[in-house]
Amino acid sequence: MCRVAIKVVAEIISVGTELLMGQIVNTDAQYVAEKLSELGIDMLHQSVVGDNFERLNENLKTAEQRADIIITTGGLGPTDDDMTKECVCELCEKKLVLNDDVLDDIKEYFKKKNIEFTPNNEKQAKFPKDAVILKNSVGTAPGCIINARGKVFIVLPGPPRELKPMFKEYVVPYLKDKCSDVLFTKNVQVFGLGESKVEHMIKDIIRNQSNPTIATYCHPGYVTIRITSKAENEEKAKALVDPVAGEVIKIFGDSVFEVGDRSITETVAGFLIDKEITISVSESCTGGLVSDALVKVSGISSVFKLGVVSYSNEAKMNMLGVKKETLDTVGAVSRETAIQMARGVMKAGNSDIGISTTGIAGPGSDNTNKPVGLVYIALSHAEETVVEELHLNGTRNDIRQMTVLQVFNMIRKYFMDKGE
């Protein structure tokens, strides 16, 4: 939610030569931009600048001319090339002074880590007297908020593990206090349709949008339809969103796997946990990715019984009971092998369902000349086993990742068809 009295514009300046040179990915800007959008704060520009005082100063002056809120990330460390705070303070004509409380916190952090505190770390404890200091719970560089020249400067550390909790705990509440209207958002997640197809199916709703607004976001394998409204309170904002969301859900029917923010893996894993349906997994081409997706979900230990990476034919026969005759006649990448793998792992794990994956991820084919992207996935349940043949495109990793998503969608559809 956000209360927006007037149009508020923010700008992000990411500081660091390593970002400029492409040595690391700028996930900070992605995270901050997403959170600003959720708060209803517009962002028209963002930039990356290396560790250079003059060029950073130029960027700050430019941002000041076109934004109400200027957010910097990076450049708060103890070394000479960490100069963001100093540059912002020079622009704002603010003097940096040592904050004894922050210095004590930094020294205590070093003591707990059994690391020597060196004098250059003192610069991380220097702030303007009137700045709002943002504590760093996982590092040594606090952030700060400086109000000057009719603008708000929010200075944040670069490491994502430090920036994200700081932004969530301090910056989000600070920015919410600057707003008056409430934003309410609901996401409808649709699997198996491309973004252009999704947009075409709801084109009439999109054309007639005003409040709420509708936007589509494409991800590998699925599309998020984000419906956002603005009103004087949450109840009224929600009342604007719900009818539109209901219309969208009706249009896409069974393709909707989630109304909310969870991924399809989180949604399906949550379903298995809630219904107490135990699962075991045998993987060939995915090499453990299905199991990995499961164990990322808290609570999955209550239902995840067994995970087997049966990459070789010997493992398929010895661990899962796949018949040698099957492998000799139709091969490891076949409908029959997928079925036997699913049945075998369900039995080995003594679970309610067994899942299998086998396929050719590439870049080359196998000795049977079956095409790259040919994948079989199977689900075994009680006396029934179902199997799907997939023809996927992309790199080796693309095919493996898409197979994982298809597995979770298969589980979802199977139990949906059974009315669960």
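**Helix packing and a buried glutamine**

Mentor: Q340 is found in helix α14 (residues 335–349). Helices here are DSSP runs of H or I, at least four residues, numbered from the N terminus. This is a predicted model: local features need pLDDT of at least 70, side-chain atom pairs pLDDT 80 or more, while totals for chains, interfaces and linings use all residues. Residues are numbered from 1 along each chain as its sequence is written, and side-chain values use heavy atoms, without hydrogens and water.

Trainee: Why is Q340 called buried?

Mentor: Its relative accessible area is 15%. Buried means under 20%, exposed over 50%, partly exposed in between (1.4 Å probe, protein chains only). Therefore Q340 counts as buried.

Trainee: What does Q340 touch?

Mentor: L320, G321, V322, K323 and T326, leaving out residues up to four places away in sequence. Contact means heavy atoms within 4.5 Å. A polar atom of the Q340 side chain also lies 2.8 Å from the backbone nitrogen of K323.

Trainee: What makes α3 and α4 oblique?

Mentor: Helix α3 (residues 53–66) and helix α4 (residues 84–92) pack at about 50°, axes 10 Å apart. Angles under 35 degrees are roughly parallel, over 145 roughly antiparallel, 65 to 115 roughly perpendicular, and the rest oblique. So α3 and α4 are oblique.

Trainee: Why is α10 called oblique to α15?

Mentor: Helix α10 (residues 264–275) and helix α15 (residues 396–417) pack at about 40°, with axes 9 Å apart. That angle makes α10 oblique to α15.

Trainee: Which hand does the crossing of α10 and α15 have?

Mentor: The crossing of α10 and α15 is left-handed: the near helix is turned anticlockwise from the far one by less than a right angle.

Note on methods. Axes fitted to C-alpha atoms, helices over the stretch in contact; angles between N-to-C directions. Helix = DSSP H or I, 4+ residues; strand = E, 2+ residues; numbered from the N terminus. Polar contact = N/O pair within 3.5 Å; in protein donor to acceptor, adjacent residues only side chain to side chain.
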